[in-house]
Structures are given as C-alpha cells and as structure tokens.
Amino acid sequence: MSKDSSMLREVKVEDAIGMILPHDLTQILPGEFKGRLFRKGHQVTEADIPALLSIGKEHIYVMELQPGYLHEDEAALRMARAIAGTDKCSDLRLTEPHEGKVNVKSEIHGLVKIDKAFVDSVNAIDEVVLSTIRSNTVVQGGASLVGTRVIPLIVDEAKVVEVERLAAARRAEGFTLLEVKPFRKLRVGVITTGSEVFKGRIKDKFGPVVKEKVAQLGSEVVDQRFVSDDSEAIVGEIHALQALGVDLVLVTGGMSVDPDDRTPGAIRAAGARVVSYGTPMLPGSMLMIAYLGDLPIMGLPGCVMHDPYTSFDVLLPRICAGEEIVRSDITEMGYGGFYQC
C-alpha cells in the first residue's frame with residue numbers, strides 16, 4: 001500500500017473541513033458543463049460544502065497527513081523559502097502554491113545569479129524538483145526565476161528538511177543561492193574607428209546598435225567619438241573619455257587580424273590591462289575586454305552590428321551590474337556559447 005492510500009479515509013462532507021482531497025472531483029451539468037470542480041490536493045473549506053453536496057457527494061475521501069509527511073503545497077513553499085532566503089528581500093517574491101508548485105519571481109530589472117552547485121545537490125534528492133533559469137540571465141520585474149515542487153502528492157518531510165539543511169550549509173560557506181543584482185546607470189563613452197566612417201564615406205551603423213543595447217540596461221552613451229584607423233588617435237580618445245569620467249569605454253570596429261585593424265593594439269598602448277583578446281563564443285569571438293585602472297574597455301567586433309546576440313550581450317550586463325570580468329568568466333563562455341550555425 002502506498003503512503004498516499006494509507007492516509008485516506010471516508011468522511012461526511014460536513015466533517016471534511018480543513019482536510020485534503022486526494023483526487024479531482026468532477027461536476028456534470030447536462031448540456032452545460034462537464035469538468036473539474038475541485039483539484040487534487042484542494043483543502044476543503046466550509047464554503048465548499050454546498051458545491052460538494054450539489055454533485056451528490058455526501059461522503060468523500062479525504063487525506064489525513066501522518067506525522068513526518070508534507071502535502072505537496074507546503075513542501076514546495078518550504079523549498080522556495082530555502083533558496084530565496086528566510087530574510088525579507090524586496091527583490092524576490094514567492095507566489096502562492098498552485099497545483100503543488102511555487103515560483104520565485106524577481107521584483108526588479110537586473111542580472112540573476114544562481115548557485116548551480118546548490119541546485120544540483122537538491123535535484124539529487126529523490127522526489128523533489130528545483131528548476132531555475134540560467135545564472136547571468138537578464139530579467140525584468142515580474143519574471144519567474146525558480147520553480148519548486150515535489151513529485152508525489154505527499155512527500156516525506158525529511159526530504160524537504162534536507163533541502164533546507166543544504167541551503168543553510170551553503171550560505172554558511174559564504175555562497176548566495178539566489179539574487180537579482182540591479183543594474184547601475186553607467187555613463188558610457190563610444191569610440192568608433194574606421195576611416196570610411198570618419199571621412200563620411202559610409203554611415204555609422206555601430207553607434208545606434210550600441211546605444212540601444214546600453215539603454216536597455218538602464219545606462220546611457222554620453223559621448224561618441226569618431227577616429228580614423230590610427231593607433232595614436234584611438235589612444236588619445238580613450239584617455240579623453242577616461243578624463244571625462246565615463247564608467248565604460250566601447251571601441252567599435254578594427255578588431256580582426258587584418259594588418260590595418262589597430263583597435264587591439266591601441267587599447268594595449270593606452271595602458272590597459274588586457275583580460276582577454278578573444279572569447280570562445282560564436283558570434284563574438286574577436287571581442288577584447290581590458291581595464292584601464294578600474295575603467296572597463298571593450299573592443300567590439302563587427303558582428304555586434306548585425307547579430308542579435310553575441311559575446312557583447314553576455315558581458316555587458318555583468319559590467320552594468322557592477323561585476324569585474326576575469327579570465328575564468330571568458331573561459332566559461334565556450335560551453336553553450338555556439339549561437340552561429
């Protein structure tokens with residue numbers, strides 16, 4: 001006999017208040033309606049009694065939980081609280097249990113950070129489910145980040161207690177299980193390279209794209225400068241933007257390996273510390289990320305103009321969220337980073 005059936009008993013509907021339905025109850029109105037009146041797992045209230053009597057249910061089977069077991073709703077709620085944290089956080093919100101599931105939602109526009117090791121450890125426990133979006137995803141306010149549930153209608157409480165224990169242990173080690181980092185409003189300077197644009201032979205197509213991507217994260221391009229393919233001129237504009245007090249410098253164009261592409265050398269010549277020239281992501285493999293003191297500088301390849309999602313779209317949100325990009329961040333971009341057929 002399953003643990004579910006061992007907790008079933010037949011009672012009069014008037015005595016069922018506060019008890020749990022172990023299965024769906026159907027209502028049939030000839031010629032009008034046939035469908036579910038109450039869902040499995042519904043907790044009977046006094047207001048439900050007339051509806052139950054109307055479908056001929058003077059007696060119903062109900063579920064009485066034995067000590068050491070949890071209904072799916074309570075289990076899902078406790079798991080959601082475990083990953084979201086017990087302290088009140090204005091950036092996260094838990095939904096009410098629905099069909100045995102609870103979601104954790106973001107209240108702000110920002111960058112999601114999720115502890116994958118914790119998620120994996122929870123999902124190694126039989127009969128529990130912790131499903132999340134990917135870490136470093138950009139989300140809007142109201143977006144769902146995490147869903148929790150258990151597989152059976154009734155689950156051993158010990159399994160949920162283990163989820164709570166794992167969460168507490170992970171936090172004690174200094175890890176944040178789930179957060180949404182708000183975007184800072186950065187003042188961004190853009191340097192557009194290329195003699196063809198500088199001399200007006202072709203229209204600048206890089207600037208509008210970059211400005212839109214920056215604006216989507218709540219930042220603003222405060223200055224855009226045009227230079228020819230001249231290393232000294234690029235260096236001069238980098239230093240000028242630094243003196244202007246911008247929070248981020250984007251240098252567009254001139255990022256390939258052609259001899260007349262001067263941007264990577266100019267970024268180095270400006271005194272910047274290069275984190276990486278190149279990323280293991282397609283499109284966007286020719287991107288450069290460097291720092292001039294605390295000022296991040298990105299050299300953007302041409303694909304940023306025409307491909308909707310590149311390495312720039314991966315790294316820009318992290319910079320806007322106040323993170324410093326390190327070499328390991330670049331290395332990890334290869335797995336799952338192939339967006340180009």
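In helix α7, the buried residues are I234, V235, E237, I238 and L241. Buried means under 20% relative accessible area, exposed over 50%, and partly exposed in between, with a 1.4 Å probe and protein chains only. Down the axis of α7, these buried residues fall within an arc of 165°, so they line one face of the helix. The arc is that of the directions from the helix axis to the C-beta atoms. An α-helix has 3.6 residues a turn, so residues three or four places apart point the same way. The face of α7 turned away from the buried side carries the exposed residues E232 and A243.

The model is predicted: local features need pLDDT of at least 70, side-chain atom pairs count only at pLDDT 80 or more, and totals for chains, interfaces and linings use all residues. Residues are numbered from 1 along each chain as its sequence is written, and side-chain values use heavy atoms, leaving out hydrogens and water. Helices (H or I, at least four residues) and strands (E, at least two) are DSSP runs, numbered from the N terminus.

The cover over the buried residues of α7 includes β14 (187–193), β15 (220–227), β16 (248–252), α8 (263–269), β18 (288–292) and β19 (295–300). At the start of α7, a side-chain oxygen of D230 comes to within 3.3 Å of the backbone nitrogen of E232.

Two helices can be set side by side.

Helix α2 is mostly covered, with ten of its 13 residues buried. Among them are E72, R78 and I83.

R78 lies in α2. Its relative accessible area is 16%, so R78 is buried. The side chains of R78 and E164 are joined by a polar contact of 2.9 Å. A polar contact is a pair of N or O atoms within 3.5 Å; within protein, one must be able to donate a hydrogen and the other to accept it, and residues adjacent in sequence count only if both atoms are side-chain atoms. Leaving aside residues up to four places away in sequence, R78 touches L70, E157, V160, V161 and E164. Contact means heavy atoms within 4.5 Å.

Which residues touch the most other members of the largest nonpolar core? They are I83, V104, F118, L145 and L178, out of 33 residues. Such a core is a set of buried Ala, Val, Leu, Ile, Met, Phe, Trp, Tyr and Cys residues joined through side-chain atoms within 4.5 Å. The largest share of this core, eight residues, comes from α2. A second, separate core of 29 residues includes F183, L250, M298 and M333.

An open sheet of three strands runs in the order β10-β8-β13, with antiparallel pairing. Strands β10 (138–139) and β13 stand at the edges, each with a single partner strand, so one side of each has no neighbour in the sheet. Two bridges join β8 to β10. Strands pair if DSSP finds at least two bridges between them. The bridge partner of G110 in β10 is V139.

D126 lies in the loop between α3 and β9. D126 is exposed, at 54% relative accessible area.
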